[in-house]
Amino acid sequence: MTVRTEEGPAVGAPELYLYGLVLADARLPAGLAGLAGRPVRAESVGELQAVVSDAPDDREVGLPDDVRDHARVLDAVAEAVPVLPVRFGTLAPTGALEDAVPRERQARHAEDLRSLAGAVQLTVSARYREDAVLAELVAGNPEIRRLREMTRGRDEMATYDARFRLGELVVAGFDRRRPGDADRLARTVAPFARATSEHPVSRTGDVAELALLVAPEDVEALEGALEELAEQVADHMVVRLVGPQAPYDFVEEV
Amino acid sequence: MSEVATRRSGGGYLDRPQSSSLADVVNIILDKGLVIDAFVRVSVVGIELITIDARIVIASVDTYLRFAEATNRLDLEQTGGRQLPELIDDISQSGSHGKTKGMVSGAKEALTGGNDDEEDDEDEKKPQRSRRRTSRQEAS
């Protein structure tokens, strides 16, 4: 049992940083470096193995570089063997790994790992070219045009209400447009995805973001289909594809 | 179709970075994955600011005012009465990195160190020394 204080790292046993879980017979890629360059290794946890490295002992975990390293290790492991990512920032006291995953969950995780075999995650997102859509809205909506003329170059406070209304109409214009374009993206990737997880998009200008579980042999075809879509929509949208990665979105919560 | 500015690694329109940017990584992996209750978890320094700010922007009237401003910044007059399709073409070519850089992407760049959508963002700013840490204390 470890209690951390705000003053610094835990007193007592050195800590392990946890990246993910793999099957008991999985072999990790050789020479993998983890957080702060520490070597990554597999430690047995019942029916599974935990992918770990020693935690940095001279500083706390939580730098942006650590997030990057966490993802880099998991993505590299995922290319070799099925892996269940553990949430970023999980530290365990050395020797306490057996407590990490209760026995009753191990079989379930092993099953999940076997079902993930032969699949990687890719994440596709689409964003509007903001200025292109704005220009369309100005051209196509007389009220937006009128409010724009009314507020442009005028005192900000004096035109507050009109500017508010203008922004509201513009944001509504993006919102109206989004479902059709999001649907088009979803239809483009559907034939190549074994499973899909839709991320909520929050910023105005985002079209959609989808995590896809894809068989490695389908990745090229997926790229081809998205390239075609990206060309067709290039005047008002940017399509981005990241991966292959570990299946961050397809870890079932227990 | 004009040569629309897209970064690519394969020579096409699809934005296909070789390595994920910090923004990608944060967006994709943070708060995903198995939670192991027994263990301490730490948050990443500064990253919560990105997500929190994004939420604030959505929720507030700020969004409206920002988009009003972005709309007003569009330089339609300079087009000298040309038709809309030409105009859109021009704007697309200038891309989000031109002088009419999108408001929202600008804000995001500010938050993530200004180069979140570059393929190589090694020179990302290091966090301040004054780290805030939100470690989840183990119930004891």
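## Sheet and helices in chain A

This model is predicted.

Q: What is the order of the strands in the open sheet of 4 strands in chain A?
A: The sheet is open and its pairing is antiparallel. The twist from one strand to the next averages 20°. The strand order is S7-S8-S6-S9.

Q: Which strands of chain A stand at the edges of the sheet?
A: An edge strand here has a single partner strand, so one side of it is left without a neighbour in the sheet.

Q: Which residue in S8(A) is the bridge partner of A:Arg127?
A: Strand S6 covers residues 120-128 of chain A, and strand S8 covers residues 206-214. They pair in the antiparallel sense over 8 bridges. In S8(A), the partner of A:Arg127 is A:Asp206.

Q: Which strands does helix H6 of chain A lie across?
A: Helix H6 spans residues 219-232 of chain A. Its direction is at about 170° to S9(A). The strands it lies across are S6, S8 and S9.

Q: How does H3(A) stand to H5(A), roughly parallel or roughly perpendicular?
A: Helix H3 (residues 130-140) and helix H5 (residues 160-189) of chain A pack with their axes 10 Å apart. The angle is about 105°. Angles of 65 to 115 degrees count as roughly perpendicular. Therefore H3(A) is roughly perpendicular to H5(A).

Conventions: Residues are numbered from 1 along each chain as its sequence is written. Chains are lettered from A and ligands numbered from 1 in the order in which they are written. This is a predicted model: local features need pLDDT of at least 70, side-chain atom pairs count only at pLDDT 80 or more; totals for chains, interfaces and linings use all residues. Side-chain values use heavy atoms; hydrogens and water are left out. Two strands pair if DSSP finds at least two bridges between them. Helices (H or I, at least four residues) and strands (E, at least two) are DSSP runs, numbered from the N terminus. Axes are lines fitted to C-alpha atoms, for helices over the stretch in contact, and angles run from 0 to 180 degrees between N-to-C directions. Contact means heavy atoms within 4.5 Å. Angles under 35 degrees count as roughly parallel, over 145 as roughly antiparallel, 65 to 115 as roughly perpendicular and the rest as oblique.
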